[in-house]
Amino acid sequence: MELTNKVVLVTGSVRGIGLAIAKAFDAAGAHVILHSRKGASAELLAEFSAGTLSIAADIANAEEVQAALDGVYEQVDGIDILINNAGITKDTLAVRMTPLDFAEVVNTNLNGTFNVTQPVFTKMLKAKKGGSIVNMASVVGLMGNAGQVNYSASKAGIVGLTKSLAKEGAKRGVRVNAIAPGMITSDMTDVLTDKQKELILANTPLGRFGEPEEIAQTALFLTQNDYITGQTITVDGGLYI
């Protein structure tokens, strides 16, 4: 897929991995739509090319998502690329996790991904022009992690969702893939203790955390390669081998 003038929506794109992905697509010539619960600030929009849009919605709320997308479709002909990056964590051991802690993470990460994807995917199929969807999974959705039962379950669900959507979209040229990041420098890793970081690095063959830009490179690759669909690409420095 040639990215110039393609319309790309990146959820959770005002910081961290999402912001890096949005900037990478902007630099590649795509028309970017930023997203967060409150929308992008004027200062952040000024860092992007003219015409960059911003939407605000809680992805766990299907009605909010649909209203935001309706506004987008009033301004653009269609969305060519969707990057589902938005997500939350509420980490604690399973014996201490409340049903609400579990439900909120799954509702945002898994249900939220579906809430955004279904209307965009439907329009892609009807347009018959192909399209690319990249979902953000996680290495812990593949290998599990103590203290992240809710997060691991939500990300494992995204892997299954990705495979099923890829089969449904293939005949119309809509490709669906996922990225499973390992430990990436972000707000989430900033809260880790030095002991926790040392333990993770000891189990990471490359011996360092990844950078958001390395996930952005993978998102670009999956979008541009027209013969990859239904795959989950692990970007983790060798943590899960």
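## A buried arginine and its partner

Arg 175 is buried, with a relative accessible area of 7%. In this predicted model, that places Arg 175 in the buried class because the cut-off for buried is under 20%.

Which residue does Arg 175 pair with in a salt bridge? The partner is Asp 226, and the closest N and O atoms of the two are 3.6 Å apart. They come from distant parts of the chain, 51 residues apart: Arg 175 belongs to strand E6 (residues 174–181), while Asp 226 sits in the loop between helix H9 (212–224) and strand E7 (232–235). Is Asp 226 buried or exposed? Asp 226 counts as exposed, at 51% relative accessibility.

Now let us visit another pair. Asp 58 and Arg 37 join their side chains in a salt bridge, at 3.9 Å from N to O.

Asp 58 is partly exposed at 22% relative accessibility, whereas Arg 37 is exposed at 53%.

## A third pair, and the total

Glu 214 and Arg 208 make a salt bridge too, with their closest N and O atoms 2.7 Å apart. Glu 214 counts as partly exposed, at 24% relative accessibility. Arg 208 is partly exposed as well, with a relative accessible area of 42%.

How many salt bridges are there by this rule? The count comes to 5. As a general idea, side chains of opposite charge can pair when their charged atoms come close.

Note on methods:
Residues are numbered from 1 along each chain as its sequence is written. This is a predicted model: local features need pLDDT of at least 70, side-chain atom pairs count only at pLDDT 80 or more; totals for chains, interfaces and linings use all residues. Side-chain values use heavy atoms; hydrogens and water are left out. A salt bridge is a side-chain nitrogen of Lys or Arg within 4 Å of a carboxyl oxygen of Asp or Glu. Buried means under 20% relative accessible area, exposed over 50%, partly exposed in between (1.4 Å probe, protein chains only). Helices (H or I, at least four residues) and strands (E, at least two) are DSSP runs, numbered from the N terminus.
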